[in-house]
Amino acid sequence: MLTALSYDLAHLIGATVLMAGFALLYQRRLFAVLNTFSFQALALAAAAAWQAHIQHAPHLYFTAAIALVFKAMIVPFALHWLVERLGIHRTVETALSIGWTMIIGVALVALSILLVLPVTAHSAALTRESLALAMSVVLLGMLMMITRRNAVTQVVGFMALENGLILAAVSAKGMPLVVEISVAFSVLVAMTLFGIFFFRIRERFDSLDLNYIETFRGDR
Amino acid sequence: MNHHPLFAPILWQVLQIVLALATAPLVTGYVRWFKARLNGRRGPSPFQPYRDLYRLTQKEAVIAHSASWIFRAAPYVVFASAWLAACLIPTFTTNIFLAPAADMIALVALLAVGRFWLALAGMDVGTAFGGIGASREMLIASLAEPAMLMITFSLSLVSGTTQPAQIVAFVLGGNVGVEVSIGLALAAMIMVAIAENGRVPIDNPATHLELTMVHEAMVLEYSGRHLAMIEAAAMVKLTLYMALIACLFAPWGMAQPGAGPEGVLVGMGSFLGKLWMLATALALFETAIAKMRVFRYADFLGGALLLGLLATIFLYVSEAV
Amino acid sequence: MLIVAALSALPLLSLLTIVWGRGGAVHGLVYAGCFLSSVALVAAGLDHLGTQTGGAPTLVLPFGLPWLHAHFRVDNLSALFLLIVNVPAAAASAFAVGYSAHLAERRRVTPFYPLFLFAMNAVLVGDDAFVFLVAWEFMSLTSWLMVLADHRRDENRKAAMVYLSMAVFGTFCLLPAFGLLAGGGGDYTFASMRLHSLGPVAGPLVVLLVLMGAGSKAGLVPLHAWLPLAHPAAPSHVSALMSGVMTKVALYGLIRVLFDLHGHVGWQWGAAMMVVGGVSAVMGVLYAVMQDDLKTLLAYSTVENVGIVVIGLGLAIAFKDDGEKSLAALALVAGLYHALNHAVIKSLLFLGAGAVITATGERSLGALGGLLKRMPWTGAAFLVGAAAISALPPLNGFVSEWLVLQSLFKGPVVPHWAMKFGVPVVGAFLALAAALAATCFVRAYGIAFLGRPRSAAAAEAGDVSAGMRWTLVALAALCVGLGAIPVTVTDALSVVVQPLLGTSFAVSSDLGWPFLSPVSNTRGSYSGTVLVMVGLALFGIAIALVHRMGNNRMRAADAWDCGTPEDNPATQYTGQSFAQPLRRSIAATVFQARETVVMPQPGDDSPARHSLAMTDPIWNGLYLRLAWLINLIADQVNRLQFLTVRRYLLMMFCTLVFLLLVVAVRQQQ
């Protein structure tokens, strides 16, 4: 009974991460997006810590700490600073209306449930649920990258996607630490890359709207 | 103690009919008082709404020349439908006479009756403000009502019933764990409750700024006893939604059929406790958040609807269905 | 016998008008005759349902094609639809006694009206494909003639054109469907179709063809395009029948084939019907809420309600295929109940619209307003109809939607993923449709009947004559009655469902008579009766309390309007402004609604202008493209007219060789 409850709690935290993914799609203000992202990372840290507790896997505490310090604090602060520093336009520029994005988001969740169910038909419902949650978070992150024009929101979308991967990693038992560190590193690298990228776009086009890159490439 | 089998349900039902009416102004008054405290004001006493209602009934009612009988009938219909809905939700015991007369769907529809009449009354005088209020109220309802039905859907998939009393019995029977779906449904429910009661961020119960008001715009032409009825209906509705959240998502402490007077007393105490917690949470939430633009309502409530849908879909992953 | 007598009276009445149509009195007489004959048919239907012997009287008449007699049969399903058709028909006829006097073009309507009634009833009692199809066509044709009654208006001519092509399309689908049902034997009686089992290709093909054929007549999206054009174009009593009744005859065709003649319909079709129904429901009401013409609004609302019925039918098919018989019974009862309710409500609303047109000469919401004070009876009856169609308890519309929702909530028991995921989505659609319907009718009623009159015609309106008023009031009373005693109605419907599904609808009896609790008594229950009684008691207590405790004085004054009252009625909310929030949040994507406001510069005294553009996605996306395609093909085919003799001979030769080839190949097999 206790284990059932603890797994339920794990799923509830996973669902919070997913909800934060939806909330990211819902926001219209850049700073609200960053705050929501930081909340998502917080939920992720909680998920990792809880998994560490119930799986008796102390290395997951390390993952939780990375998520907490790096993703919930440093990255949002850095992005916040970037936005202020560069004077980026503070509303989220959408390629698709918020309503439609959310409807597609729900469809994606349904899709990931449909995908996960047959694959894991023989494994326990507990794994199924975490896998479905994680996959939904990944897909929502991708959706965010597609439907939001501004480069900052794209970075956030990319990192939300990473959050989904980490959620999957911590939910599966016996995941070695190596993977998490690599995941964390990739985030760092992406962060650095995007940071440089911002400056470059800013220098050259005086805007962060990706449409300008397309114009430059000669697509339009 | 050999009473007729209907004796206890009818007794508790009558008690609830009285209780629903008696506690509602206090809940609203408490929320106002606590919000004032949070804002650093002293605020009127939590019992002020009782005095307000009494004062309004003592005043003369003014009716516009262009108003029809709908304008005069609507306050009573709105009030009676809210009151009736409040009587149907188990609060301190599930052993109430009217429990099988309406399930969640009927409850949603019953609240729609009040809204239908209120919106018509808003349009009856033929002023622009009434129209604004009615139009916005119906926009909110168009999305909040489906969200509520989706919540009902997911709860009925978990518990196998749409009857609040039976849902309570199911939950108290220990048949349900902490499901993701129930969490999602709770989130959606809170969003719906905020919208339906015209609270911040959808509507501001204290505002009289023309461009932002919804509920107040509809009832602008009312005065005297009619206004008292409408105000009382709004108070009952707020309490009703709190009772509904408590009943569906936190039924602990509620007395079941067969429980003696002690059980009912415990139920009563826990119900009042839950009301107090929800009212406090509401005041805190309203103080912390800002009102949103009218055209974001659709996103907010569409979000609630989608949450309800997600709650249903997620049941397929967990073993609940 | 009663049915035969009543039915044969109808063509005679038509003859009467053709002969003596010039005289004014004869029109009233004919409508009175139609009323009596409809009442007789209602009595016959009730009698058949009430006796519950399950017997189905049959009749064979020696006419029709030389080798084929015309077969007639009245079973429980027919009897139910006799009620659904003839209750509104009686009301419309009674209404028309007074209403037809106001019609300029009544000589183009009255002769066809009895024939229309005759045709609809004949569809219901026909027991072979021949009678069914001939009556079906006759029904389309007579109604088409009445749509064309006011042919001087351009939009009516367009409506008639679209209607005719869709009717032809429908028959074009139904004809091969019945051919396939009959099979190679060529026996077109329904009795032999029941025995004939369909192959793996023919089975689904029949379902598809019937869905398209009957679905287009019923107005399912995307085949609904003719409906909002044609229904409002006819005079109101005919609109009431077309919207309230003819769509039900189409649903009868759907039920007859899918549940009776067709041996086995797969759950996939049920799921598909659910989705089509859900989309129809939402799209129908979204269109309706944007309309400014009262009758067009009502016609679009018909699309919505037909969608709701079809959701019920689709669920019943899915449950039936899965072996969940009692749930199938629940879903089918829900669908039939809603069909009955909608027939009553929609005829009430259309006749109410007719009364409004009689009194004001206006159909546009923008020219109405304040009618409740001027037409108190019509206004009150229309209010009941508006509340009923918005699915508000305790009226009838709510009970059937409650049943549909209850069966929908049981949908996930069907163990297919398409159903498990489809059902919640359809549920969301249905819930959205129900809520938007309330918005739609608050808007329609609030603009037309409340507020201040927006035109002189509305200001000078008076209530219609007593006969018309009483018809409306009787229909409104029926709305209340059908909602207050749901268990009695579901018991009657259970008799209908029994032979189709092999099981009856179980109202669990643990809770006693006034409680409707399908499936089981803990699953969810509703009692309109108890709710009404307690609600009225609370209503009374509230009034008594306030009046005893408080101040009874009342003073009439000018509207306060936040201190800035404005006398001009144009300052009220209009239909367009009421719909604006919905337009901006939903229609902006669905209908590409675009609003432009031109504000004059300061100092410029020209008025500000607001303009609105909406596009119909289905009309533009489907029909116009189809029309373009047909034109393209026609252009190509047109060239065939200008060939040389040698080329014509070549074509014939090629055709001949091709046919010979076909014969040769078939002989090889």
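Me: When two helices pass one another, what handedness does the crossing of α12(C) and α16(C) have?

Reply: In this predicted model, α12(C) passes α16(C) in a left-handed crossing. The two helices cover residues 294-321 and residues 396-409 of chain C, and their axes come within 10 Å and cross at roughly 35°.

Me: Which residues of α12(C) and α16(C) make that contact?

Reply: From α12(C) come C:Ile308, C:Ile311, C:Gly312 and C:Leu315, while α16(C) brings C:Glu401, C:Val404, C:Ser407 and C:Leu408. Sorted by class, the contact of these two helices has 5 nonpolar, 2 polar and 1 charged residues.

Me: Do the strands β1 of chain B and β3(C) run parallel or antiparallel?

Reply: Strand β1 of chain B, residues 61-64, and β3(C) run parallel, and 4 bridges join them. For one pair to find in the picture, look at B:Ala64, which stands opposite C:Ala557 in β3(C).

Me: Turning to chain A, how many helices and strands does chain A have?

Reply: Chain A has 8 helices and 0 strands, so that its order of elements from the N terminus on reads α-α-α-α-α-α-α-α. Of its 220 residues, 43% count as buried. Among contacts in chain A between residues at least 6 apart in sequence, 70% join residues at least 24 apart.

Me: Which residues of chain A does UniProt list as "transmembrane region"?

Reply: An unreviewed UniProt entry lists several spans of chain A under that name, among them residues 33-54 and 131-148. In the model, residues 33-54 of chain A are 100% helix and 0% strand, with end C-alpha atoms 31 Å apart, whereas residues 131-148 of chain A are 94% helix and 0% strand, with end C-alpha atoms 26 Å apart. Residues 167-194 of chain B are 75% helix and 0% strand, and their end C-alpha atoms are 23 Å apart, while residues 264-285 of chain B are 100% helix and 0% strand, with end C-alpha atoms 31 Å apart.

Me: How many residues do chain A and chain B bring to the contact between them?

Reply: That contact takes 20 residues from chain A and 18 residues from chain B. On the chain A side, α1 (2-26), α4 (98-119) and α5 (125-147) each supply at least two residues, and by class this side has 15 nonpolar, 2 polar and 3 charged residues.

Me: Is A:Ile113 buried or exposed?

Reply: A:Ile113, whose place is in helix α4 of chain A, counts as buried because 25 other C-beta atoms lie within 10 Å, and the cut-off for buried is 20 or more. Not counting residues up to four places away in sequence, A:Ile113 touches A:Ala132, B:Ile313, B:Tyr316 and B:Val317.

Terms used
Residues numbered from 1 in each chain as written. Chains lettered and ligands numbered in written order. Predicted model: local features only at pLDDT ≥ 70, side-chain atom pairs only at ≥ 80, totals over all residues. Contact = placed C-beta atoms within 7 Å. Nonpolar A, V, L, I, M, F, W, Y, C, P; charged D, E, K, R; others polar. Axes fitted to C-alpha atoms, helices over the stretch in contact; angles between N-to-C directions. Left-handed = near helix turned anticlockwise from the far one by under 90°. Pairing = 2+ DSSP bridges. Buried ≥ 20, exposed ≤ 12 C-beta atoms within 10 Å, placed from the backbone. UniProt positions renumbered as here; feature names shortened; annotations may be inferred.
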